[in-house]
Amino acid sequence: MLAGRGTDTTRCGLACFSAAGFTDALRAEAERGGVLLVGLDELYGRAMPTGGLL
């Protein structure tokens, strides 16, 4: 949607936020660097986010 409106998205990535945790498949994708996972521990500063953005 953003790219369709002319916004430069070359440095954008996907981040998922959850209070209930993440599936194994999503954790595996985060390990590959395709998504940043942020749970309650990360939101409250008790841990660093899992994964990363390319």
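The side chains of Arg46 and Asp41 meet in a salt bridge, with an N to O distance of 3.0 Å; the term covers a side-chain nitrogen of Lys or Arg within 4 Å of a carboxyl oxygen of Asp or Glu. The structure is a predicted model, in which local features need pLDDT of at least 70 and side-chain atom pairs count only at pLDDT 80 or more, while totals for chains, interfaces and linings use all residues. Residues are numbered from 1 along each chain as its sequence is written, and side-chain values use heavy atoms, with hydrogens and water left out.

Arg46 is exposed, at a relative accessible area of 59%, whereas Asp41 is partly exposed at 38%. Here buried means under 20% relative accessible area, exposed means over 50%, and partly exposed lies in between, with a 1.4 Å probe and protein chains only. A search of the whole structure finds 2 salt bridges. Glu29 and Arg32 also meet through their side chains in a salt bridge, with 2.7 Å from N to O. In this pair, Glu29 is partly exposed, with a relative accessible area of 30%, and Arg32 is exposed, with 56%.

Confidence comes next. The pLDDT, which is the predictor's confidence in each residue on a scale from 0 to 100, averages 86 over the chain, and 94% of the residues score at least 70. A friendly caution applies here: where pLDDT is low, the predicted coordinates should not be read in detail.

The strands form an open sheet of 3 members in the order 1-2-3, with mixed pairing. Strand 1 and strand 3 (50-51) are the edge strands, each pairing on one side only. Strands are DSSP runs of E with at least two residues, helices are runs of H or I with at least four, and both are numbered from the N terminus. Two strands count as paired if DSSP finds at least two bridges between them. Strand 2 (residues 36-38) pairs with strand 3 in the antiparallel sense over 2 bridges, and Leu37 stands opposite Thr50 in strand 3.

Ala15 counts as partly exposed, at 33% relative accessibility. Leaving aside neighbours within four places in sequence, Ala15 is in contact with Val35 and Leu36, where contact means heavy atoms within 4.5 Å. The C-alpha atoms of Ala15 and Thr50 are separated by 10 Å, and these residues are 35 residues apart along the chain.

Two loop residues, Ser18 and Gly39, may be taken together. Ser18 is placed in the loop between strand 1 (15-17) and helix 1 (24-31), and Gly39 lies in the loop between strand 2 and helix 2 (40-43). Ser18 is buried, with a relative accessible area of 18%, and Gly39 is buried too, with 6%. Beyond neighbours within four places in sequence, Ser18 is in contact with Val38, Gly39 and Leu40, while Gly39 is in contact with Ser18 and Phe22 on that basis. A polar atom of the Ser18 side chain lies 3.0 Å from the backbone nitrogen of Ala20. For Gly39 and Glu29, 10 residues apart along the chain, the C-alpha atoms are separated by 15 Å.

What of the cysteines? A disulfide is a covalent bond between the sulfur atoms of two cysteines. The structure holds 0 disulfides, with the cut-off set at a pair of cysteine sulfur atoms within 2.5 Å. The cysteine sulfur closest to that of Cys12 is in Cys16, 15 Å away, so the two are too far apart for a bond. Seen from Cys16, the closest cysteine sulfur is that of Cys12, again at 15 Å and too far for a bond. Cys12 counts as partly exposed, with 47% relative accessibility.

Lastly, the start of the chain can be considered. Met1 lies in the segment before strand 1 and counts as exposed, at 84% relative accessibility. The C-alpha atoms of Met1 and Arg27 are separated by 25 Å, with the two residues 26 residues apart along the chain.

Notes
Polar contact = N/O pair within 3.5 Å; in protein donor to acceptor, adjacent residues only side chain to side chain.
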